[in-house]
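Please consult the sequence and the structure shown here.

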Amino acid sequence: ELRGWTGKEAPGPAPRVQVLAAQLLSEMKLQDGKRFLGPQWLDCDCDRAMIEDWVFRVPHVAIFLSVVIHKGFLVLCSSLDLTTLVPERQVDQGRGFESILDILSVMYINAHLPREQRHCWRLLFSSELHGHSFSQLCGHITHRGPCVAVLEDRDKHVFGGFASCSWEVKPQFQGDDRCFLFSICPSMAVYTHTGYNDHYMYLNHGQQTIPNGLGMGGQHNYFGLWVDVDFGKGHSRAKPTCTTYNSPQLSAQENFQFDKMEVWAVGDPSEEQLAKSNKSILDADPEAQALLEISGRSRHSEGLREIPDDE
């Protein structure tokens, strides 16, 4: 029923079940507009209207209550459909792969995706499997449709973003207002667009005058989430918050280092995305093309592949 995801508890200062429970309780609207902020609120009075509002407004609450009733009391188990709660996990690599995300993290992020993209997650890139290389990152995620990027900094903060459109290597911002940033550890939260600007997604490589790397939100050199072309380094400069997503600093340190990063495509790929995914890594990496030409080596695959549509 976990559909390929592990039930193993993820490492961190607090179990993720506690982190998710805290997030769900924070969604409860108390009297006078206050929010449930911690254990000190456990003795507060909640009337029926408050509970009903919470159960119907926060999807996970009703879903988890259904799981408790169906599985805990073995009542009408056949009528419980968990496919919208837990996406299928697809990893092409033959050897075992342990994700940064545990099952609760996946369920939380998945609930915020467009409905048509919640049934399947396909691994596109993992620093563990594909190496610590920005060129590899670009080669594996461009033209692959909507995807979720997540990383863990060296202080064990886990965070990332949802890209609603295919990534493209170009000097302009891209994406639309369905994109969002999120935090998983030490707290769970999703941060959606503010309407202040359209700096949703940015991916650039091989430019002299503008930043090279992957970014979401904010502006050049002040991204809500930034992965530098010098892979393993990044920043989350959001003081007080990111202008695009209203997110706080996601990492433990403003300038952070990381060893683990993953990118998951969500939903089914279109025929156009499948065709574009067959492009050579050199098509997405101008620097690699230049180095190959400087060294005097020819591109043996040139002329043997179909010319990409955007050339």
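Q: Is F97 buried or exposed?
A: This is a predicted model, in which local features need pLDDT of at least 70, side-chain atom pairs count only at pLDDT 80 or more, and totals for chains, interfaces and linings use all residues. Residues are numbered from 1 along each chain as its sequence is written, and side-chain values use heavy atoms, with hydrogens and water left out. Buried means under 20% relative accessible area, exposed over 50%, and partly exposed in between (1.4 Å probe, protein chains only). With a relative accessible area of 11%, F97 is therefore buried.

Q: How many aromatic pairs does a search of the whole structure find?
A: Rings of Phe, Tyr and Trp (its six-membered ring) pair if their centres lie within 6.5 Å; planes under 30 degrees apart count as stacked, over 60 as edge-to-face and the rest as tilted. Searching the whole structure on this basis gives 16 aromatic pairs.

Q: How many residues apart in sequence are the parts that W5 and W264 tie together?
A: The ring centres of W5 and W264 are 5.0 Å apart and their planes lie at 45°, so the pair is tilted. Helices (H or I, at least four residues) and strands (E, at least two) are DSSP runs, numbered from the N terminus. Because W5 lies in the segment before α1 and W264 in strand β12 (residues 255-266), the pair links parts whose separation in sequence is 259 residues.

Q: Which charged end sits over the ring of W5?
A: A charge sits over a ring if NZ of Lys or CZ of Arg is within 6 Å of the ring centre and within 35 degrees of the ring normal. At 5.6 Å from the centre of the W5 ring, the charged end is that of R89.

Q: How many residues of helix α4 (residues 103-110) are buried?
A: The elements covering the buried residues of α4 include α1 (16-26), α3 and β2 (120-126), with contact meaning heavy atoms within 4.5 Å. Among the buried residues are I103, Y108 and N110. Helix α4 is mostly covered, and the number of its eight residues that are buried is eight.

Q: At roughly what angle do the axes of α2 (residues 48-57) and α3 (residues 59-72) cross?
A: Axes are lines fitted to C-alpha atoms, for helices over the stretch in contact, and angles run from 0 to 180 degrees between N-to-C directions. W54, V55 and R57 in α2 meet P59, V61, A62 and L65 in α3. The two axes come within 4 Å, and their crossing angle is roughly 90°.
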